[in-house]
Amino acid sequence: MKKYEAVVFDLDGTLLNTLEDLTDSVNAALAAFSQPQKTIEQIRAYVGNGIRNLMKRCVEGGEENPDFEKIFQTFRAHYKEHCMDKTKPYDGIIDLLQRLKARGVKMAIVSNKADFAVKELNDFYFKEFDMVAIGEREGIARKPAPDSVFSALRELGVSPDQAVYAGDSEVDLETAARAGLPCISVLWGFREEELLKTHGARYFVKTADEFCTVLETISQSDTV
């Protein structure tokens, strides 16, 4: 059986339910410029490709709107202050991370969320697990480019063939494929199973309790 030494996790929709805080910050920024409000389901559909792309979808006219940069910076400032108001780990996540740590598995977070928020959330919720945390920042291509995954693995001292990726979206599936990692798709996040299947998902977990079992299944497989 192959033993995987590391798991690289997506953040939003995988480890943390951030949807309410994202929605509140988007709507606070939109309201400040008399823009129409967005529903939580709209935000669910828009997340996954970084906060700038999120706001491009939310602001009328996108980047062509003359107020776009001001709205975007208003969102960033609001979210920086309120990113932990309602956010919380999904059920079973802390227990899962404790089990992985007990097994000696190294862990990282790779997200298209702004780097400052990724690090702040990691420090607040997951400090005990010594996870590498990398978010969107200048100088490194955002997912689905594999650059941030490779950067995280270098920090962990683990080669790509010793790691598994876990995420909730089609962006995560493409990221894992580009990095050469098998991907475990979680079904408690922001995307539906059927959509993930159309993007090539093979391994699914409905609850965090199932994660280690699926990880063992992948370990026994001869192919990614």
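**Reading a sheet and its helices**

Tutor: Helix 4 and helix 6 are roughly parallel to each other, because angles under 35 degrees count as roughly parallel. Keep in mind that this is a predicted model.

Student: At what angle do helix 4 and helix 6 pack, and how far apart are their axes?

Tutor: Start with the general idea. Two packed helices are described by the angle between their axes and the distance between the axes. Here helix 4 (residues 68-82) and helix 6 (residues 115-125) pack at about 5°. Their axes are 10 Å apart.

Student: Which residues make the contact?

Tutor: Helix 4 gives Arg76, Tyr79 and Lys80. Helix 6 gives Phe116, Ala117, Glu120 and Leu121. By class, the contact of helix 4 with helix 6 has 4 nonpolar and 3 charged residues, with no polar ones.

Student: Now the sheet. What is the strand order, and is the pairing parallel or antiparallel?

Tutor: In general, strands of a sheet pair through backbone hydrogen bonds, either parallel or antiparallel. This open sheet has 6 strands in the order 5-4-1-6-7-8, and the pairing is parallel.

Student: Which strands stand at the edges?

Tutor: Strand 5 (132-136) and strand 8 (203-205) do. Each has a single partner strand, so one side of each has no neighbour in the sheet. On average, neighbouring strands of this sheet are turned by 25° against each other, direction ignored.

Student: How many bridges join strand 1 to strand 6?

Tutor: There are 4 bridges between strand 1 (residues 6-9) and strand 6 (residues 163-167), and the two run parallel. Phe9 stands opposite Ala166 in strand 6.

Student: Which strands does helix 10 touch?

Tutor: Helix 10 (residues 211-220) packs on the sheet and touches strand 1, strand 6, strand 7 (183-186) and strand 8. The direction of helix 10 makes about 165° with that of strand 8.

Student: Take Ser219 in helix 10. Is Ser219 buried or exposed?

Tutor: Ser219 counts as buried, because its relative accessibility is 7% and the cut-off is under 20%. A polar atom of the Ser219 side chain lies 2.9 Å from the backbone oxygen of Leu215. As a general point, an α-helix has 3.6 residues a turn, so residues three or four places apart point the same way.

Student: Which residues of helix 7 are buried, and what covers them?

Tutor: In helix 7 (residues 147-156), the buried residues are Ser148, Val149, Ser151, Ala152, Leu153 and Leu156. Their cover includes strand 1, strand 4 (106-114), strand 5, strand 6 and helix 8 (170-179).

Student: What follows helix 7?

Tutor: Gly157 does, with a positive phi near 75°.

Technical notes. Residues are numbered from 1 along each chain as its sequence is written. This is a predicted model: local features need pLDDT of at least 70, side-chain atom pairs count only at pLDDT 80 or more; totals for chains, interfaces and linings use all residues. Side-chain values use heavy atoms; hydrogens and water are left out. Two strands pair if DSSP finds at least two bridges between them. Axes are lines fitted to C-alpha atoms, for helices over the stretch in contact, and angles run from 0 to 180 degrees between N-to-C directions. Contact means heavy atoms within 4.5 Å. Angles under 35 degrees count as roughly parallel, over 145 as roughly antiparallel, 65 to 115 as roughly perpendicular and the rest as oblique. Ala, Val, Leu, Ile, Met, Phe, Trp, Tyr, Cys and Pro count as nonpolar, Asp, Glu, Lys and Arg as charged, and the others, Gly among them, as polar. Buried means under 20% relative accessible area, exposed over 50%, partly exposed in between (1.4 Å probe, protein chains only). A polar contact is a pair of N or O atoms within 3.5 Å; within protein, one must be able to donate a hydrogen and the other to accept it, and residues adjacent in sequence count only if both atoms are side-chain atoms.
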